[in-house]
Amino acid sequence: MLSVILSFKRLLKGLYHGIKEPQFLSILTTVALIVLSGTLFYSRYEGWPKIDAFYFAVVSLIPTGVDTDLVPSTTGTKLFTVLYLIIGTGLMFALLVNLGRAIIKEDKPRRYKLRKEVNNKPSAPKILRVKQNK
């Protein structure tokens, strides 16, 4: 459980640092608008409750393999879903890549500090190698 809490804390720090970058912010905004449009579309044309439509809109963009038991029923909503997934999956991938970069960038100063502390410690004596005559 502790590892989940620490990972969630690291995720929030990555989001905090990622939002400061214009590219990350624009991708995040675009993904939010796409999820909103999917939620509104599915709730209106499929008649799903808004929470189910939101769940389907988010889960379908993340490669989790979760079975939602929600399936578009008409030809129009199936075509919308195809376009939604083509556009949304690429944007979600870009968002996750940028989030990963923000997390790594946020971790670098701490890792550099740890490395510096390790490098400043006196090293163990070197073992002298004896040359052998051939």
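Author: Let us begin with Thr-68, which, once its neighbours within four places in sequence are left aside, is in contact with Tyr-55, Phe-56 and Val-59; contact here means heavy atoms within 4.5 Å. The model is a predicted one, in which local features need pLDDT of at least 70 and side-chain atom pairs count only at pLDDT 80 or more, whereas totals for chains, interfaces and linings use all residues. Residues are numbered from 1 along each chain as its sequence is written, and side-chain values use heavy atoms, with hydrogens and water left out.

Reader: Where does Thr-68 lie, and why does it count as buried?

Author: Thr-68 lies in the loop between α3 (50–59) and α4 (75–120), where helices (H or I, at least four residues) and strands (E, at least two) are DSSP runs numbered from the N terminus. Its relative accessibility is 17%, and buried means under 20% relative accessible area, exposed over 50% and partly exposed in between, with a 1.4 Å probe and protein chains only; Thr-68 therefore counts as buried. The C-alpha atoms of Thr-68 and Tyr-55, 13 residues apart along the chain, are separated by 8.2 Å.

Reader: What are the elements of the chain, from the N terminus on?

Author: They run α-α-α-α, with four helices and zero strands in the chain. Of the 134 residues, 25% are buried. Among the contacts with a separation of 6 or more, 65% are between residues 24 or more positions apart.

Reader: How does the reach of helix α2 compare with what is expected at 1.5 Å a residue?

Author: Helix α2 (residues 22–45) has 24 residues, and from its first C-alpha to its last it reaches 34 Å, close to the expected 34 Å; that expected span is 1.5 Å times one less than the number of residues. Just after α2, Gly-47 takes a positive phi of about 75°.

Reader: What makes Thr-39 a buried residue, and which residues does it touch?

Author: Thr-39, found in helix α2, has a relative accessible area of 8%, so it is buried. Not counting residues up to four places away in sequence, Thr-39 touches Lys-50, Ala-53, Phe-54 and Ala-57. The buried residues of α2 also include Phe-24, Ile-27, Val-31 and Tyr-42.

Reader: Which members of the largest nonpolar core touch the most other members?

Author: A nonpolar core is a set of buried Ala, Val, Leu, Ile, Met, Phe, Trp, Tyr and Cys residues joined through side-chain atoms within 4.5 Å. The largest one has 18 residues, of which Val-31, Val-35, Tyr-42, Trp-48, Leu-61, Tyr-84 and Leu-95 touch the most other members. Two or more residues come from each of α2, α3 and α4, and the largest share, seven residues, comes from α2. Tyr-42, leaving out residues up to four places away in sequence, touches partners including Gly-47, Trp-48, Phe-80 and Tyr-84.

Reader: How do you know that Lys-105 and Glu-21 meet in a salt bridge?

Author: A salt bridge is a side-chain nitrogen of Lys or Arg within 4 Å of a carboxyl oxygen of Asp or Glu, and the side chains of Lys-105 and Glu-21 meet at 3.2 Å, N to O. The pair links distant parts of the chain, 84 residues apart, with Lys-105 in helix α4 and Glu-21 in the loop between α1 (2–18) and α2. The structure holds one salt bridge. Glu-21, at 29% relative accessibility, counts as partly exposed.

Reader: Why is Asn-98 called buried, and why is Leu-85 called partly exposed?

Author: Asn-98, in helix α4, counts as buried because its relative accessibility is 10%, and it touches Gln-23, Phe-24 and Ile-27 when residues up to four places away in sequence are not counted. Leu-85 is also placed in helix α4, but its relative accessible area of 29% makes it partly exposed. Leu-85 and Ser-60, 25 residues apart in sequence, are 7.2 Å apart in space, C-alpha to C-alpha. Setting aside neighbours within four places in sequence, Leu-85 is in contact with Ser-60 and Leu-61.

Reader: What makes Leu-83 an exposed residue?

Author: Leu-83, which lies in helix α4, has a relative accessible area of 53%, so it is exposed.
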